[in-house]
Amino acid sequence: MAAQAVELNVGERVVRVSNPGKVYFPDRGITKLQVVEYYLAVSEPLLRVLRDRPTTLKRYVDGVTGEAFYQKRLPKGAPEWVETARIKFPSGRPADEVCPTEPAVLAWAANLGTFDFHPWPVRRSDADRPDELRVDLDPQPGTDFRDAVDVAMVLREVLEELGFTGYPKTSGGRGIHVAVRIRPEWDFVDVRHAVIALAREVERRTPDKATTSWWKEERGERVFLDFNQAARDRTIASAWSVRGTPRATVSTPVTWDHLSTVDPDDFDVLTVPKYLTDNGDPHAGLDDEAFGIETLLDWYANDERGEMPYPPDYPKMPGEPMRVQPSRKRNQPHAHG
């Protein structure tokens, strides 16, 4: 039987944790209370990542073995100290999302079964202009974390040639995410185009290892640079987020020097607080300097390939190619959409 609720004093707030002994990760025996305590242990660097950002909560109310869903609006019954930020979906509909501002919000969210925090790449002061360029390196079947590292190192070269500083982290799975702070002067369309240009340059330098092909049938055994993670309302799990894996892995910031030596499975709810204590926050400097994407937009404009497909749930976007996978286009020249 689940234990009675416990109340935690977090700053000036009291956060009630219901069913604290509920097992969220059966393989590891990790409970809901341990997830809450984990988030309080990493609250300082996590709030650097989330503060003033509209944030989608990925909730696993039955633990890792249950179904997860994305909470895109402030849940009913939230305490008055949980702040919000207004965003617009691709459809144009608005929503008020959770906007974390203090450690108690993290504990409150974890009590609701939140594993991953998915912040938008914007601040609430201007929710239409991203201040973060994100590159998601997604190993395809037949490739793994080591392949993602190889591609990340090429990405690092390109970033350095642009004069950018990129900050890598494990995804919590086999992938790698790299963040670059940019000036919030461009809209989502421009920032996505900048990511496309960056991804194409990485692909050009290492075509056997990297791909920008949107269609899975064309990707092969390569690492996909997922440019559509830069589209509006597309988010990736933040640094320090717990992932819905049996091991309770954590998406963990690392230095470029350590990226090639780490095993992403070593970072989990039980080990990351000590890693943070021992190493500090490898992304502490992320906000120190913001960069401009002018050169990347020039690369995009000068590339005759032009626009790439958007995700299937998107409204048709200007200049977008047909959303038909190439093999179907070849085999059905007269097919009607």
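Let me start with burial: buried means under 20% relative accessible area, exposed over 50%, partly exposed in between, with a 1.4 Å probe and protein chains only. This is a predicted model, where local features need pLDDT of at least 70, side-chain atom pairs count only at pLDDT 80 or more, and totals for chains, interfaces and linings use all residues. Residues are numbered from 1 along each chain as its sequence is written, and side-chain values use heavy atoms, with hydrogens and water left out.

Now the rings. The structure holds 12 aromatic pairs. The rule covers Phe, Tyr and Trp (its six-membered ring): centres within 6.5 Å, planes under 30 degrees apart for stacked, over 60 for edge-to-face, the rest tilted. Take tyrosine 38 and tyrosine 39. Their pair is edge-to-face, with 5.1 Å centre to centre and 65° between the planes. Both tyrosine 38 and tyrosine 39 are buried.

Next pair. Tyrosine 60 and phenylalanine 115 are stacked, because their ring centres lie 4.4 Å apart with the planes at 15°. This pair links distant parts of the chain, 55 residues apart. Tyrosine 60 sits in the loop between strand E5 (55–59) and strand E6 (69–71). Phenylalanine 115 is in strand E9, residues 114–119. Strands here are DSSP runs of E, at least two residues, numbered from the N terminus.

How buried are these two? Tyrosine 60 has 7% relative accessibility, so it counts as buried. Phenylalanine 115 has 0%, so it counts as buried too. Ring pairs also link Tyr24, Phe25, Tyr60 and Phe115 into a cluster.

Last, charges over rings: NZ of Lys or CZ of Arg within 6 Å of the ring centre and within 35 degrees of the ring normal. Arginine 192 lies over the face of tyrosine 310, 3.5 Å from the ring centre. Arginine 219 lies over the face of phenylalanine 224, at 3.7 Å.

Methods
Helices (H or I, at least four residues) and strands (E, at least two) are DSSP runs, numbered from the N terminus.
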